[in-house]
Amino acid sequence: QVQLVESGGGLVQAGGSLRLSCAASGSIFSINTMEWYRQAPGKQRELAATITTAGSTTYADSVKGRFTISRDSAKNTVYPQMNSLKPEDTAVYYCKILMRRGLLDFPYWGQGTQVTVAS
C-alpha cells in the first residue's frame with residue numbers, strides 16, 4: 001500500500017507564493033517520475049510540472065517561469081514552489097508518482113489540495 005499526503009494549499013492573494021509538498025509513504029519501491037497536476041472548476045485535469053529521477057523538469061506553458069518543481073528523493077517528497085500566483089491558478093492540485101517495477105510504471109495519486117488565488 002502506498003500513500004501520498006499533500007499539504008501546503010490555501011488562500012493567497014494574487015502575486016503571492018505558495019509551496020506545496022507531497023510525501024509518499026508505505027510500500028515504496030523505485031520512484032520514477034514525480035508530477036503535479038491541477039484541475040480548475042469546470043476544466044479537465046492538466047499536467048503542470050514534471051521532474052524525473054535525474055532532476056530534469058518540464059512545465060506547462062501556463063506556469064513556466066513562475067513554478068519550480070523539486071524533489072527530495074531521500075524523503076520521497078516532491079515540491080512545487082509557486083510564485084507570482086494568478087487567479088487562474090486557482091485549482092485543486094494533485095501529485096502523481098510513477099513507481100517502476102520491472103518494466104512497468106505504476107501510478108499513484110495524492111488526494112488533492114485546494115489552492116485559491118484571490119484577485
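Does T33 count as a buried or an exposed residue, and at what relative accessibility? I shall open with that residue, and then turn to the disulfide and to the chain as a whole. Please bear in mind throughout that the model before you is predicted.

T33 has a relative accessibility of 13%. Buried means under 20% relative accessible area, so T33 counts as buried. The residue belongs to strand β5, which covers residues 30–39. As for its surroundings, I leave aside residues up to four places away in sequence; T33 then touches T50, I51 and T52, as well as R71, and also K96, I97 and L98.

Let me move on to the cysteines. How many disulfides does the count give? The count comes to one disulfide. The bond joins C22 to C95, with an S to S distance of 1.9 Å. The two cysteines are 73 residues apart, and the pair links distant parts of the chain: C22 sits in strand β4, residues 21–26, and C95 in strand β10, residues 91–101. Why is this disulfide described as right-handed? The torsion about the S-S bond of C22 and C95 is about 45°, and the disulfide is therefore right-handed. Both partners, C22 and C95, are buried.

I now come to the secondary structure. The chain contains 12 strands and zero helices. Read from the N terminus on, its elements accordingly run β-β-β-β-β-β-β-β-β-β-β-β.

Next, the overall dimensions. For 119 residues, a compact globule would have a radius of gyration near 14 Å; the chain has 14 Å, which agrees with that expectation. The C-alpha trace spans about 45 × 25 × 25 Å along its principal axes.

What share of the 119 residues in the chain is buried? Buried residues account for 42% of them; T33, C22 and C95 have already been named as buried. Turning to contacts between residues at least 6 apart in sequence, 55% of these join residues at least 24 apart.

The accessible surface of the chain comes to about 6200 Å², and carbon and sulfur atoms contribute 50% of it.

To close, I return to two points. T33, in strand β5, is buried at 13% relative accessibility. The disulfide between C22 and C95 connects strand β4 with strand β10. Thank you for your attention.

Terms used:
Residues are numbered from 1 along each chain as its sequence is written. This is a predicted model: local features need pLDDT of at least 70, side-chain atom pairs count only at pLDDT 80 or more; totals for chains, interfaces and linings use all residues. Side-chain values use heavy atoms; hydrogens and water are left out. Helices (H or I, at least four residues) and strands (E, at least two) are DSSP runs, numbered from the N terminus. The radius of gyration is taken over C-alpha atoms; the globule rule is 2.2 Å times the number of residues to the power 0.38. Buried means under 20% relative accessible area, exposed over 50%, partly exposed in between (1.4 Å probe, protein chains only). Contact means heavy atoms within 4.5 Å. Accessible areas come from the Shrake-Rupley method with a 1.4 Å probe; for residues, only the protein chains shown count as cover. A disulfide is a pair of cysteine sulfur atoms within 2.5 Å.
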